[in-house]
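Here are my notes for you, written as numbered points. Keep the picture open while you read, and take the points one by one.

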Amino acid sequence: MALGTKLMMRQGQSLVMTPQLLQAIKLLQFSNMELTAFVQEELERNPLLERSDEAPDRIDAPGVETVADAADAALGQDFNEPAEADWTSESFATDRVALEGSLGTELSNAFDDDRAATPLEYVERHEGAGLSATSWSGSSGGGAGNGEAPNLEAYAAVQINLKDHLEGQLTLATRDPVERLIGQVLIDSVDDAGYYAGSLTETAARLQIPIERVERILALIQTFEPSGVGARDLAECLAIQLRERDRFDPAMKALVANLPLLAKRDFSALRKICNVDEEDIADMLAEIRQLDPKPGRPFGGGSIQPLVPDVIVRAAAGGAWHVELNTEVLPRILVNNSYAARVTKNNASDVDRTFMSTCLQTANWLTKSLEQRARTILKVSSEIVRQQDAFFQHGVEHLRPLNLKTIAEAIGMHESTVSRVTSNKYMATPRGLFELKYFFTASIAANNGGDAHSAESVRFRIRHMIERESPDDILSDDAIVAKLKEVNIDIARRTVAKYRESLKIRSSVERRREKAQM
């Protein structure tokens, strides 16, 4: 059999993931904060992209295209509403005669002559005392010397974290450099809740020192503020706080050693172990409730970012709902086509022409991707509102079972696209702020073959039943199953137990014991 090479032509189809397509897919699943960070990176990288608020004088210029204009078409709104007055203009009149002319009256009629002096006026009046107007607006004070408003954030106190707080106390507690080194290693293993999450044995082996010395430094750290920091478990954390309050007597020590019984509300067993009566055990529990199980919590683990809705739903006339995008989280960027044309015409080199062409192509693709993202979010959100109309009208009990396939078929998109759109997106409704994923719940069949029930609505019914139960009639999981069957919900007992545990509701035995004690 002879071997040889030859040319062949073959026709076929294949899906190629271009960088632009990957970018469009990535933009869909971004949250509004991630999108803001991504757009900021593109603004720094691409000279043809600008924020519309940074160049307001060129928004209406020819050759400038904004993303907000494209979003206006999708929302039916006008983002570029003119402001009533530009109070930040540098040409604003400051002369008294000019001000009186613009106001049409004397300044004494419009402003009080006996008002308190502003800081700038106070400085100007007391320049002889060694102060100058520039000292109030210098760079060291948080303001700018070019007349800009002072930066108030420069005066805000820096929030100290737990690690810095403990290191500062360690510096004052010991002068031995070896003990400070051991303390630094131990503090590095303290988590945000204030617990020591490392291993003393591994630390001693790594530093090649006796474990007794490591334990002694850990005991030193446990005397620092906040009280209870450096504990290895909850029992030790409570014991440290009780010792500082001089309340760690034998009875309290026995109570702290049996926290699992306390979690089960088995107060009768605790009374026997602690050898106290009902009044004493009640006082001991009151003291335990005053302790902090997470001493590092006041220092926080970082700044907390508030949730900003991507979609806003408002009630409209006739029982309808008005769905719109939140314009505050939409990126307002523009493509400066005139700048690209001006650079290209001015005898630019081939390298410059290629660079500007690439930047222009990237900028146009980004604006189209952002426009498509806004349209897709609005389309998916509108269909969710249409499918869950009963929820918006009557509440959680009327939440319908819904999956991604139903929404995808209704709007003519793929399920993966709907999944990306609903990730990390939030909807502000008259009933509260919800993640878009909240409206997609599993289906629970009905007894007589009627309409299925949403799993979230069943959870709501279970929680509502347990909250309304009386101390003399605690509902077991079997009793809850029977009550749900009365309202045409076919559900198994293990499913009720799973939903109850997801709601962090104790079993009927623990609830009966707790309410009997109360």
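1. Let's start with a term you'll need for the pocket: a pocket is an open set of grid points with protein on both sides within 12 Å along at least five of seven lines, and its lining residues have an atom within 4 Å of a point. Please also remember that you're looking at a predicted model.

2. How far can you trust the model? The mean pLDDT of the chain is 79, and 77% of its residues get to 70 or more.

3. Now the overall build. You'll find 25 helices and nine strands in the chain. It has 518 residues, and 36% of them count as buried. Take the contacts between residues at least 6 apart in sequence: 60% of these join residues at least 24 apart.

4. Which helices supply at least two residues each to the lining of the second largest pocket? They are H12 (234-244), H14 (259-263) and H16 (278-289). The pocket holds about 340 Å³ of space. Its lining counts 14 residues, and those nearest the centre are Leu 262, Ala 263, Arg 265, Ile 288 and Arg 289. By class, the lining has 10 nonpolar residues and four charged ones, with no polar residues.

5. Rolling a probe the size of a water molecule over the atoms shows where empty space is left. The count here is two cavities of 30 Å³ or more. The second largest cavity has about 60 Å³ of space. Its lining is made up of Asn 32, Leu 35, Asp 310, Leu 325, Asn 326, Val 329, Leu 330, Arg 373, Ala 374 and Ile 377. Helices H2 (32-45) and H18 (350-387) each give at least two residues to this lining, and H18 gives the most, with three. Sorted by class, you get six nonpolar, two polar and two charged residues.

6. On to the cysteines. How many disulfides does the structure hold? The number is zero. Are Cys 274 and Cys 359 buried or exposed? Cys 274 counts as buried because its relative accessible area is 6%, which is under the 20% cut-off. Cys 359 is buried too, since its relative accessible area is 8%.

7. Have a look at Lys 485, which sits in helix H23 (residues 477-486). Lys 485 counts as partly exposed because its relative accessibility is 43%, a value that falls between the 20% and 50% cut-offs. Setting aside residues up to four places away in sequence, Lys 485 touches Asn 447, Asp 490 and Ile 491. Asn 447 is 38 residues from Lys 485 along the chain, yet their C-alpha atoms are separated by 7.1 Å.

8. Ser 419 is partly exposed, as its relative accessibility is 23%. Leaving out neighbours within four places in sequence, Ser 419 is in contact with Leu 404 and Lys 437. From Ser 419 to Ala 408 the C-alpha distance is 9.3 Å, and the two are 11 residues apart in sequence.

Terms used. Residues are numbered from 1 along each chain as its sequence is written. This is a predicted model: local features need pLDDT of at least 70, side-chain atom pairs count only at pLDDT 80 or more; totals for chains, interfaces and linings use all residues. Side-chain values use heavy atoms; hydrogens and water are left out. A disulfide is a pair of cysteine sulfur atoms within 2.5 Å. Buried means under 20% relative accessible area, exposed over 50%, partly exposed in between (1.4 Å probe, protein chains only). On a 1 Å grid over the protein atoms alone, a cavity is a set of points where a 1.4 Å probe fits but cannot get out, and a pocket is an open set with protein on both sides within 12 Å along at least five of seven lines; lining residues have an atom within 4 Å of a point. Grid points are joined across faces, edges and corners, and a volume is the space filled by probe spheres set on the points. Helices (H or I, at least four residues) and strands (E, at least two) are DSSP runs, numbered from the N terminus. Ala, Val, Leu, Ile, Met, Phe, Trp, Tyr, Cys and Pro count as nonpolar, Asp, Glu, Lys and Arg as charged, and the others, Gly among them, as polar. pLDDT is the predictor's confidence in each residue, from 0 to 100. Contact means heavy atoms within 4.5 Å.
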